[in-house]
Amino acid sequence: MESRSQATDKIKSLKDGQHCHFNMFQDGGAVCYKCNGMYLLFELTQYGINEFYEGTYFENQINEIVDKAYSWT
């Protein structure tokens, strides 16, 4: 599992239309999509069976994205 700072850097490096997975454990965790300058956060259930929308965030809220995703485990 990667650290919070690594996850933050990963999200900051996204370009529009890209996504990244982070805080993964047993195929569950978080996926973040960058779309039109906004970040869409989804929770992946264990073994990646389902993806649930969590919220929309902006550039100044990247730390909140990471905090939210790490609160799931």
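Trainee: What makes up the fold of this protein, in helices and strands?

Mentor: This is a predicted model, and the protein in it has two helices and four strands. Starting at the N terminus, the elements follow the order α-β-β-β-β-α.

Trainee: How many side chains are charged, positive and negative?

Mentor: There are 6 positive and 10 negative side chains, with the centres of the two sets 5 Å apart.

Trainee: What covers the buried residues of H2?

Mentor: The cover includes helix H1 (4–12) together with strands E1 (19–25), E2 (28–35), E3 (38–44) and E4 (51–57).

Trainee: And what puts the buried residues of H1 on the same side?

Mentor: In H1 the buried residues are Ala 7, Thr 8 and Ile 11. Around the axis they cover an arc of only 100°, and therefore they sit on the same side of H1. Their cover includes E1, E2, E3 and H2.

Trainee: Arg 4 is in helix H1 too. Why is Arg 4 called partly exposed?

Mentor: The relative accessible area of Arg 4 is 41%. Buried would need a value under 20%, and exposed a value over 50%. Arg 4 falls in between, so it is partly exposed.

Trainee: Which residues does Arg 4 contact, leaving aside neighbours within four places in sequence?

Mentor: Arg 4 is in contact with Val 66, Asp 67 and Tyr 70. Val 66 and Tyr 70 are among the buried residues of H2. As for Glu 51, which is 47 residues from Arg 4 along the chain, the C-alpha atoms of the two are separated by 21 Å.

Trainee: Now for strand E4, where Glu 54 lies. What makes Glu 54 partly exposed?

Mentor: Glu 54 has a relative accessible area of 25%.

Trainee: What does Glu 54 touch, not counting residues up to four places away in sequence?

Mentor: Glu 54 touches Leu 41, Phe 42, Lys 68 and Trp 72. Glu 54 and Leu 41 are 13 residues apart in sequence, with 5.4 Å from C-alpha to C-alpha.

Trainee: Thr 56 lies in strand E4 as well. Why does Thr 56 count as partly exposed?

Mentor: Use the cut-offs again. Thr 56 has 33% relative accessibility, which lies between 20% and 50%, so Thr 56 is partly exposed.

Trainee: Which contacts does Thr 56 make, leaving aside its neighbours within four places in sequence?

Mentor: Thr 56 is in contact with Met 38, Tyr 39, Leu 40 and Gln 61. Between Thr 56 and Tyr 33, 23 residues apart in sequence, the C-alpha to C-alpha separation is 9.6 Å.

Trainee: What makes the phi of Asn 23 worth a look?

Mentor: Most residues other than glycine have a negative phi. Asn 23 is not a glycine, yet its phi is positive, near 55°. Asn 36 has a positive phi too, of about 55°, and is not a glycine either.

Trainee: Where are Asn 23 and Asn 36 found?

Mentor: Asn 23 is in strand E1, whereas Asn 36 lies in the loop between E2 and E3.

Trainee: How do you know whether Asn 23 is buried or exposed, and Asn 36 likewise?

Mentor: Asn 23 has a relative accessible area of 1%, which is under 20%, so Asn 23 is buried. Asn 36 has 64%, which is over 50%, so Asn 36 is exposed.

Notes: Residues numbered from 1 in each chain as written. Predicted model: local features only at pLDDT ≥ 70, side-chain atom pairs only at ≥ 80, totals over all residues. Heavy atoms only, no water. Lys, Arg positive; Asp, Glu negative; His and termini not counted. Charge placed at Lys NZ, Arg CZ, Asp CG, Glu CD. Buried < 20%, exposed > 50% of the residue type's maximum accessible area, 1.4 Å probe, protein only. Contact = heavy atoms within 4.5 Å. Arc of directions from axis to C-beta.
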